[in-house]
Amino acid sequence: MGLFTVLFLLPFFLAALPPAAASASEFSFLKGLFVTEVKGYGMYTEEPSSRFEKGSRISVYLEIDGFQNLKKDNGYEVHVSLDLLVKDDKGNVGIEQKDVVTSDLIVKSPWRDFFFTVNIDLAELPPGRYTLGFVATDRTSGRKASHDMDIEIY
């Protein structure tokens, strides 16, 4: 399964805007945080630090916005995916996992906000400084957004 094991993935949606407004904003990450708990969109408890003990399991909360709602019949389709890159302190990519999350949804109303909760096991990663790089893809439009998070393992 690789160095990182995704333990729990939770896409959650918040009812949205009219179709024109839902696709009007730029596809981007709104937020990326280390968290201890997630109860829903915007309902989380943030970790006090980005420094974790070797062998820890961490949770990352990520919000994306501006993905396309594709009108189909009586609803809308949303197609997004998330990749993970782990880079060492020199910027070398040590791990690359494509499609850590893939969501293909059909909804009755267009959606605007979307979040992921990704749990990552750090057991095999040696102490040091790293960057977790997340790349979200709106597979309907082909647009991509990236968000980097620095982490230290001691």
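Biologist: A charge sits over a ring if NZ of Lys or CZ of Arg is within 6 Å of the ring centre and within 35 degrees of the ring normal. So over the face of which residue does R51 lie?

Modeller: Heads-up: this is a predicted model, where local features need pLDDT of at least 70 and side-chain atom pairs count only at pLDDT 80 or more, while totals for chains, interfaces and linings use all residues. Residues are numbered from 1 along each chain as its sequence is written, and side-chain values use heavy atoms, with hydrogens and water left out. As for R51, at 4.1 Å from the ring centre, the face under it belongs to Y154.

Biologist: And which ring has the charged end of K71 over it?

Modeller: K71 is 5.0 Å from the ring centre. The ring belongs to Y76.

Biologist: How many aromatic pairs does a search of the whole structure find?

Modeller: Rings of Phe, Tyr and Trp (its six-membered ring) pair if their centres lie within 6.5 Å; planes under 30 degrees apart are stacked, over 60 edge-to-face, the rest tilted. Searching the whole structure that way, the count is six.

Biologist: Are the rings of F34 and F52 stacked or edge-to-face?

Modeller: F34 is in strand β3 and F52 in strand β5, so the pair ties together parts 18 residues apart in sequence (strands are DSSP runs of E, at least two residues, numbered from the N terminus). The centres are 5.3 Å apart and the planes at 65 degrees, so the pair is edge-to-face.

Biologist: How far apart in sequence are the parts that F67 and F114 tie together?

Modeller: This pair is edge-to-face too, 5.9 Å centre to centre with 75 degrees between the planes. F67 lies in the loop between β6 and β7 and F114 in strand β10, so the separation is 47 residues.

Biologist: On to charges: how many salt bridges does the structure hold?

Modeller: A salt bridge is a side-chain nitrogen of Lys or Arg within 4 Å of a carboxyl oxygen of Asp or Glu. K98 and D83 make one, at 3.7 Å, N to O. In the whole structure the count is eight.

Biologist: Is D83 buried or exposed?

Modeller: Buried means under 20% relative accessible area, exposed over 50%, partly exposed in between (1.4 Å probe, protein chains only). K98 comes out exposed at 56%. D83 has 9% relative accessibility, so D83 counts as buried.

Biologist: Which residues are linked with R51 in a network of salt bridges?

Modeller: R129, in strand β11, and E152, in strand β12, are 23 residues apart. Their side chains meet at 3.6 Å, N to O. The network joins R51 with R129 and E152.

Conventions: Helix = DSSP H or I, 4+ residues; strand = E, 2+ residues; numbered from the N terminus.
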